[in-house]
Amino acid sequence: MNRRTLEERLFKILMVGSVCIVIGSLVVIFGLVVINGASSLSIEMITQTPRPSVPGDPPGGGILNAIVGSLLLALPATGFASLIGIGIALFLQNDFLHPRYSDIIRFMLDVLWGIPSIIYGIFCLMIMISIGMSSSILVGMIALTLLEIPIITRSMDEAIKMVPKGLKEGAYSLGSTKIETAFRVIRRQAFPGILAGILLGLGRGIGDAASILFTAGFSNRLPTSLFDSTATLPTMIYNLYSTPLGQSKAFAAAFILLMIVLIVSVLSRLLTRRFKKHIIK
Amino acid sequence: MNTRKLRDLIGTKTLLLITLFVSSLFFLIFILLLSRSLLVLESHSIIEVLFSSIWNPDAGQFGLAAIIVDTILVTGFALLIAIPISLLSAIYIVEYAPRRLRKTIRPFIDVLAGVPSVVYGLCAFLFLAPFVQNVIAPFFGAQSTGLCIFSAAIILSIMVFPIIISLCIESFDAIPLSLKEASLSVGATKWETVKKVVFRASAPSIIAAILLGFGRAFGETIAVNMVIGGTIRLPSSLFNPGETLASLIASKYGELMSIPLHESALMLVALILFIVVFLFYILGFLTLRRAKKRWKY
Amino acid sequence: MENYQIETKNLNVQIQKNSILKNINIKIPAKQLTAVIGPSGCGKTTLLKSFNRLLEIQDEVNISGQILVDGENILDRKASEIPDIRKKMGLISQKPYPLPMSIFENVAYGLRIHHNKNAKELAEAVQYCLEEVGLWNEVKNRLHDPASRLSVGQQQRLCLARAIAVQPEVLLCDEPTSALDPIAAQQIEKLLLKLKKEYTVILVTHTLRQAKRVADYVIFLYFGMVIEQGTADEFFNNPKNPETKAYLSGEIS
């Protein structure tokens with residue numbers, strides 16, 4: 001008896017300790033980024049591109065090119081990935097495909113989700129070189145799209161799986177075709193989950209550096225066409241973190257990234273809650 | 001009526017095509033990496049590549065042993081820290097924490113899972129590394145610049161926390177109350193119930209969570225690259241700088257296009273990354289299926 | 001006079017600010033089968049779970065009053081003593097919930113926690129419990145199969161075996177037959193009739209006929225209040241309260 005309560009107490013202490021470690025480390029990271037980021041953030045930082053440094057003069061300017069680059073890459077990539085993702089997710093439902101095959105495809109998507117993003121970078125780089133292109137917004141966008149497809153598809157898939165069978169049967173019994181049922185009924189019912197999936201993909205895409213490191217290249221100027229290379233927030237941080245003079249820009253970029261992630265996360269929570277009202281349980 | 005049927009047909013076929021394309025991506029990546037890494041395998045045996053620790057591209061030597069050892073050390077050490085801490089935190093949050101804490105902590109963890117790795121890397125480089133250099137390494141009687149295997153493992157474990165925790169919370173939450181009641185009502189304490197019933201019933205999901213955590217730690221490129229120091233030598237302690245498979249690719253990408261053999265060697269590294277992740281997923285998939293069959297609740 | 005095992009005094013239970021049980025004063029006779037009846041949602045399960053303090057694992061539960069078990073108020077006990085209270089009371093839930101382990105381990109679960117038995121004693125105890133519930137012959141050749149492979153009726157008997165393995169004094173049964181097919185349900189009913197010689201059995205049920213078949217003592221709950229309690233004979237043949245009469249005649253359900 002005594003040993004049993006003792007064991008419980010011991011583990012409870014360990015649990016509280018673990019939670020403290022987790023929360024503590026996360027608070028520290030947030031704190032560091034917010035404190036350092038907020039202090040280096042200024043109007044100049046978000047409205048100007050980097051000025052090349054003159055010897056003896058600290059480099060100035062801002063990170064506008066990275067902000068623009070990130071948005072130019074991640075937004076369209078998320079859009080494409082969502083379009084493709086919703087198609088596949090709907091197709092994976094049993095109406096279209098034998099469960100055996102859809103499970104195989106799900107497994108492949110899971111592996112694709114799991115493989116390191118650098119592999120997508122390498123993959124696109126290889127293709128890019130072999131067709132004679134150079135690093136550009138377009139290639140980076142493709143890399144991000146590929147990276148986001150499995151994430152978005154599987155999240156949507158899980159959301160659509162939750163749609164009650166009766167609802168589908170109801171639609172079919174009214175004479176709807178598979179496609180009509182999929183796109184009108186299921187999509188609407190699973191909307192919050194689908195939206196959450198898209199936002200998850202956006203969050204991952206906008207923060208990923210490894211896949212666009214080689215494919216989008218780097219530039220201190222604002223891009224003017226799809227074939228220009230561009231800086232992004234993550235690659236900006238990666239390029240500047242080790243140079244003492246660049247660290248304020250790195251922190252400003254990190255701060256903006258963190259805010260984007262935060263907004264995306266809060267948004268997905270709010271939207272999910274809002275749209276849940278229209279859902280038939 | 002006819003146009004509806006036609007639309008149905010066209011729609012179905014389009015969806016099929018898209019699905020096939022994405023599924024084939026999996027094979028495309030594999031084939032491309034394989035074909036690109038053949039060059040280095042023609043002149044070097046796979047044994048030599050895997051077990052030699054000399055990496056000297058200029059001399060045509062591509063031994064990966066040191067990098068593989070570093071990768072195992074970093075990933076293993078990160079998971080060794082992350083798994084118990086995450087499991088204990090998750091169980092605390094679900095079973096022990098007061099309701100208000102439980103509700104506030106979950107969105108927080110979701111946000112953390114979404115923080116880009118480059119942000120973790122930045123913090124690790126500027127704050128963790130000096131701390132390791134000045135406090136932790138001297139404490140263990142070692143000298144270190146702070147850019148070392150230990151720092152990489154620590155930051156990786158922090159990155160893995162939210163992944164394992166949120167998946168575990170989900171699966172612990174899904175355990176029916178009645179199952180816990182069944183255990184409690186024969187006089188088990190809460191901890192005994194957690195240990196013998198909750199952990200067992202959610203074993204498949206715990207395994208899945210750990211595998212996902214592994215995937216993240218194993219393939220993490222940027223954050224590791226920023227703090228590991230980038231030295232290719234067999235490490236003698238955790239406070240030595242190193243290089244992992246993924247971070248090697250990021251470090252050397254600038255030279256990718258210069259020497260064909262070097263490029264091919266890096267492709268081989270990418271191929272190894274791909275295969276290992278794939279094998280772990282298969283492993284996870286099989287254990288999951290087995291466990292699910294065996295312990296239904 | 002009769003020997004009462006459980007007695008409640010002014011028991012009130014609130015869950016998420018809803019009053020579920022109001023001023024419950026009941027007495028439950030030892031070594032008899034007490035049926036708690038009433039329409040669904042009237043607090044029967046809540047009452048049952050308050051006896052072994054299982055309610056408290058949920059959020060926002062407020063309990064006041066007294067629950068006397070063998071004359072001692074269990075609501076006064078410290079948290080560390082709760083497992084002992086629960087050990088005294090086996091719980092059989094509506095749907096069988098075998099633990100995620102083998103058939104043998106399910107029965108041995110409580111034994112391993114409470115007693116230090118060697119392998120042989122453990123095996124004997126498990127066999128005894130499985131024989132008690134009439135499951136031994138059906139499972140003796142596959143004791144190490146997962147419990148989830150048993151049929152639902154077998155699972156429910158396994159849960160009974162698991163409960164009696166720790167030698168409780170009371171068996172709390174929460175509609176134990178409602179998820180079962182008629183034959184399995186009959187088996188469980190027979191078992192309960194057998195077990196009431198050794199245990200105080202409290203059976204929550206919403207089928208009147210079942211209560212009529214097996215009960216020695218009946219408690220009628222309606223909207224969280226005790227409307228009537230008494231011996232089965234008196235309750236069914238000579239109900240005093242008009243609501244009881246209405247319920248018995250099927251006017252309210």
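**Inside chain A, and across to its partners**

Between domain 1 of chain A and domain 2 of chain A, one residue pair is in polar contact, with both residues at pLDDT 80 or more. That threshold applies since you are looking at a predicted model.

Domain 1 of chain A covers 3-40, while domain 2 of chain A runs over 61-276. Their C-alpha centres are 31 Å apart. Where the two domains meet, eight residues of domain 1 of chain A contact eight residues of domain 2 of chain A. Together they bury about 640 Å², and carbon and sulfur atoms account for 88% of it. On the domain 1 side, the residues that lose the most area to domain 2 of chain A are Phe30(A), Val33(A) and Ser40(A), which together make up 61% of what that side buries. Zero salt bridges are found across this interface of domain 1 of chain A and domain 2 of chain A. The side of domain 1 of chain A that touches domain 2 of chain A has five nonpolar residues, three polar and no charged.

Now step across from chain A to chain B. Here 75 residues of chain A are in contact with 75 residues of chain B. The area buried between chain A and chain B is about 7000 Å², with 82% of it on carbon and sulfur atoms. On the polar side of the account, nine residue pairs are in polar contact across this interface, both residues being at pLDDT 80 or more. The largest share, 21 residues, belongs to α1(A). By residue class, the side of chain A that touches chain B splits into 53 nonpolar, 13 polar and nine charged residues.

What about the charged pairs here? Side chains of opposite charge can pair when their charged atoms come close. Across the interface of chain A and chain B there are three salt bridges. One of them links Arg269(A) with Asp110(B), at 2.7 Å from N to O. Glu192(B) and Arg4(A) also meet through their side chains in a salt bridge, again with 2.7 Å given for N to O. Since Glu192(B) sits in helix α8 of chain B and Arg4(A) in helix α1 of chain A, this pair joins two chains. Are its two partners buried or exposed? Glu192(B) counts as buried because its relative accessibility is 7%, under the 20% cut-off. Arg4(A) is buried as well, at 6% relative accessibility.

The next stop is the contact between chain B and chain C, in which 24 residues of chain B touch 29 residues of chain C. These chains bury about 2400 Å² between them, and carbon and sulfur atoms give 63% of that area. Five residue pairs are in polar contact between chain B and chain C, both residues at pLDDT 80 or more. Three helices of chain B, namely α4 (99-114), α7 (177-184) and α8 (190-201), each provide at least two residues of the side that touches chain C. The largest share of that side comes from α7(B), with seven residues. Sorted by class, the side of chain B that touches chain C holds 10 nonpolar, six polar and eight charged residues.

Two salt bridges are counted between chain B and chain C. In one of them, the closest N and O atoms of Glu60(C) and Arg99(B) are 2.8 Å apart. Glu60(C) lies in the loop between α1 (44-51) and β5 (61-69) of chain C, and Arg99(B) in helix α4 of chain B, so this pair too joins two chains. Glu60(C) is partly exposed, at a relative accessible area of 36%, and Arg99(B) is partly exposed at 34%.

In chain C, the side chains of Arg77(C) and Glu81(C) form a salt bridge, with 3.6 Å from N to O. Arg77(C) is partly exposed, with 24% relative accessibility, as is Glu81(C), with 27%. In chain A, a network of salt bridges links Asp103(A), Arg106(A), Asp110(A), Arg154(A), Asp157(A), Glu158(A) and Lys161(A). Over all chains, the structure holds 27 salt bridges.

Note on methods:
Residues numbered from 1 in each chain as written. Chains lettered and ligands numbered in written order. Predicted model: local features only at pLDDT ≥ 70, side-chain atom pairs only at ≥ 80, totals over all residues. Heavy atoms only, no water. Contact = heavy atoms within 4.5 Å. Buried area = accessible area lost by both parts, 1.4 Å probe. Salt bridge = Lys/Arg side-chain N within 4 Å of Asp/Glu carboxyl O. Polar contact = N/O pair within 3.5 Å; in protein donor to acceptor, adjacent residues only side chain to side chain. Helix = DSSP H or I, 4+ residues; strand = E, 2+ residues; numbered from the N terminus. Nonpolar A, V, L, I, M, F, W, Y, C, P; charged D, E, K, R; others polar. Domains from an automatic or database assignment. Buried < 20%, exposed > 50% of the residue type's maximum accessible area, 1.4 Å probe, protein only.
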